[in-house]
Amino acid sequence: MLMIKGCVIFITLSLCGFLLYLCFIPVEIIRVDGSIVYLKHMPFTNKGKIDWWNKNREMLKRDYPGIVNQNDFNVILKNFENTVRLPDGSNDGDREDYNCYDDIKGNENCIFKQPVVRINGNSSHGTFFSLDHELYLQKPDGKLILLKSY
């Protein structure tokens with residue numbers, strides 16, 4: 001009985017430690033392709049994703065000119081897992097589900113399209129975030145409003 005309790009405590013603490021570790025891994029920008037930003041270790045929560053955008057919008061604007069401007073912008077954040085070979089069989093998935101790049105060397109030069117957050121808006125009306133079946137509006141004053149949950 002004591003051994004079972006010890007195993008349960010160990011597993012619980014290990015799981016909590018792993019989840020805590022995942023929460024503190026910094027988000028890494030892997031690639032920017034036009035208005036598509038590929039991220040590794042994206043935050044788990046909608047609030048975390050919106051906070052990441054708010055903290056990094058100016059850096060993206062500075063380092064990747066054209067991705068965000070004051071008048072109008074449309075950005076897609078995608079989760080990056082790894083590069084893969086473009087599927088060639090009918091059971092491997094649809095080729096339209098992948099973005100492939102010639103500047104990635106080797107046969108594994110494709111990234112699965114997995115949009116996580118769609119962001120669009122302008123400085124006068126605010127920013128819209130579409131993520132996880134919810135649509136948010138962040139007004140220019142910073143107030144975040146859930147507009148629709150579907």
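This is a predicted model: local features need pLDDT of at least 70, side-chain atom pairs count only at pLDDT 80 or more; totals for chains, interfaces and linings use all residues.
User: Which cysteine is joined to cysteine 100 by a disulfide?

Analyst: A pair of cysteine sulfur atoms within 2.5 Å is taken as a disulfide, and here the S to S distance is 2.0 Å. By this rule the count comes to one disulfide. The partner of cysteine 100 is cysteine 110.

User: How many residues apart in sequence are the parts that this pair ties together?

Analyst: With the disulfide between cysteine 100 and cysteine 110 in place, look at where each end sits. Cysteine 100 lies in strand 4 and cysteine 110 in strand 5, so the parts tied together are apart in sequence by ten residues.

User: What is the handedness of the disulfide, judging by the torsion about the S-S bond?

Analyst: The torsion about the S-S bond of cysteine 100 and cysteine 110 is the value to look at, and it is about 100 degrees. That torsion is why the disulfide is called right-handed.

User: Is cysteine 110 buried or exposed?

Analyst: Let's take both ends of the bond. Cysteine 100 has 38% relative accessibility and counts as partly exposed. Cysteine 110 has 1% relative accessibility, and the cut-off for burial is under 20%. Cysteine 110 is therefore buried.

User: Which residues does asparagine 109 touch, leaving out those up to four places away in sequence?

Analyst: Asparagine 109 is in the loop between strand 4 (98-100) and strand 5 (110-112). Its relative accessible area is 16%, so asparagine 109 counts as buried. Leaving out residues up to four places away in sequence, asparagine 109 touches Val84, Asn99, Cys100, Tyr101 and Ile104.

User: Is phenylalanine 24 buried or exposed?

Analyst: Phenylalanine 24 also belongs to a loop, the one between helix 1 (2-23) and strand 1 (28-33). Its C-alpha atom is separated by 9.4 Å from that of histidine 41, which is 17 residues apart from it along the chain. With a relative accessible area of 64%, phenylalanine 24 is exposed.

User: Which residue in strand 7 stands opposite asparagine 122?

Analyst: Strand 6 (residues 115-122) and strand 7 (residues 126-131) run antiparallel and are joined by five bridges. A hairpin of three residues links the two strands. Opposite asparagine 122 stands glycine 126.

User: Which residue takes a positive phi in the hairpin of strand 7 and strand 8?

Analyst: Strand 7 pairs with strand 8 (residues 134-138) in the antiparallel sense, over five bridges. Serine 130 stands opposite leucine 135 in this pairing. The hairpin has two residues between the strands, and the residue with a positive phi, near 45 degrees, is aspartate 132.

Terms used. Residues are numbered from 1 along each chain as its sequence is written. Side-chain values use heavy atoms; hydrogens and water are left out. Helices (H or I, at least four residues) and strands (E, at least two) are DSSP runs, numbered from the N terminus. Buried means under 20% relative accessible area, exposed over 50%, partly exposed in between (1.4 Å probe, protein chains only). Contact means heavy atoms within 4.5 Å. Two strands pair if DSSP finds at least two bridges between them.
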